[in-house]
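Notebook open, model loaded. I went through a few spots and jotted down what came up.

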Amino acid sequence: MKIIDIIKSDKPSLSFEVFPPKTSDTFDTVKEATEKIAMLKPSFMSVTYGAGGGTSEYTVSVAKNIKDNCGVDTIAHLTCINSSKDDIQHRLEALKNAGIENILALRGDITPENKDKIRFDYRYASELVCDIKKYGNFCVGGACYPEIHPESKDQREDIKNLKTKVDAGCEFLTTQMFFDNNLLYNFLYKIREAGITVPVIAGIMPITNAKQIERAIKLSGSYIPQRFKSLVDRYGGDPKAMSQAGIAYATDQIIDLYANGINAVHVYSMNKEYVARNIQANISEIIK
Ligand code: FAD
């Protein structure tokens, strides 16, 4: 099923992101973890893609397994920064052959590890969106940044570029993680004003250990509210308490989002079944 048809319905959706293995040694472990999450029957699941293309085939096989063997619709992420036009055509062929109908089209991060491998067939995700739409029949989504993409000069420029991406054929957007819902509400107001009308899926990252928060800030530059800092200060040293507090914080964010009319929530579950299960249980009456 096309993701746009799931998130356009009035029913609140709850979906989970998982990541594929980096090497074949861990394939079975990852497969098992993603299957356990799929058993929760979320609205859909997304499978990430390694920036260097290292996990491209695993993204397809994990997404296909979830769809075919667990009956859960999937989105495969696809990045383009290290790919030639031919590479992308082959990947689209593989996705089509696997019966995957949804793609999250991304540029990919420029990192010290991959910067020498960057090709210039694609400079921005919008160019990838164009090629996927030309290829045909995929539902295509893109990423957006309530707190601005780190490379953008300012929010006005970032939203202008986002509009180009949507005009290229993005049917929905998924946000970077954020820990203060007001940031999303302000962002939505601004993008609607800029003429971006596609549905936006809110990306929520439950922080279940203190280390994760450092990584999350480094990766996304997200603002951490004092309320959340206090929670990490108080429970960061106690893994079980931190996990419970992090899940409760994410649950609180999600309930506030639904209450304010954001119907589609995507949880960055990091392949942790207990995180996905607990969040789903906490809002079972709300999403029924
Ligand atoms: P773009 O939309 O191309 O934007 C990148 C930058 O270029 C922005 O600053 C934008 O404003 C600017 N820009 C865009 N168009 C133009 C233009 N025409 N002229 C000038 N400037 C322009 N990475 C992975 O490697 N694998 C994943 O699976 C993955 N999944 C993700 C899922 C989500 C929901 C999010 C939010 C991010 C994900 N990422 C993933 C990270 C993503 O690849 C990086 O954030 C990357 O730096 C930008 O990707 P993008 O698709 O948003 O790029």
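This is a predicted model: local features need pLDDT of at least 70, side-chain atom pairs count only at pLDDT 80 or more; totals for chains, interfaces and linings use all residues.

I began with the lining of the largest cavity: Tyr-145, Pro-146, Glu-147, Ile-148, Gln-176, Met-177, Ser-220 and Ser-222. A cavity here is a set of points on a 1 Å grid over the protein atoms alone where a 1.4 Å probe fits but cannot get out, and lining residues have an atom within 4 Å of a point. About 40 Å³ of space lies inside; that volume is the space filled by probe spheres set on the points, which are joined across faces, edges and corners. I found one cavity of 30 Å³ or more in the structure.

Numbering runs from 1 along each chain as its sequence is written, and side-chain values use heavy atoms, with hydrogens and water left out.

Next I looked up helix H6, residues 155-167. Helices are DSSP runs (H or I, at least four residues), strands likewise (E, at least two), numbered from the N terminus. At 1.5 Å a residue, its 13 residues should span 18 Å, and the end C-alpha atoms are 18 Å apart, which agrees. The expected span is 1.5 Å times one less than the number of residues.

Which residues of H6 are buried? I get Gln-155, Asp-158, Ile-159, Leu-162, Lys-165 and Val-166. Buried is under 20% relative accessible area, exposed over 50%, partly exposed in between (1.4 Å probe, protein chains only).

Cover for the buried residues of H6 includes helix H5 (125-135), strand E5 (139-144), strand E6 (172-175) and helix H7 (181-193). At the start of H6, a side-chain oxygen of Asp-154 comes to within 3.3 Å of the backbone nitrogen of Arg-156. Just after H6, I noted a positive phi of about 135 degrees at Gly-169.

Last, two single residues. Lys-117 sits in the loop between strand E4 (102-106) and H5, exposed at 54% relative accessible area. Ser-13, in strand E1 (residues 13-18), is buried at 3%. Leaving aside neighbours within four places in sequence, Ser-13 is in contact (heavy atoms within 4.5 Å) with Ile-7, Ser-43, Tyr-258, Asn-263, Ala-264 and Val-265.

Key: A polar contact is a pair of N or O atoms within 3.5 Å; within protein, one must be able to donate a hydrogen and the other to accept it, and residues adjacent in sequence count only if both atoms are side-chain atoms. On a 1 Å grid over the protein atoms alone, a cavity is a set of points where a 1.4 Å probe fits but cannot get out, and a pocket is an open set with protein on both sides within 12 Å along at least five of seven lines; lining residues have an atom within 4 Å of a point.
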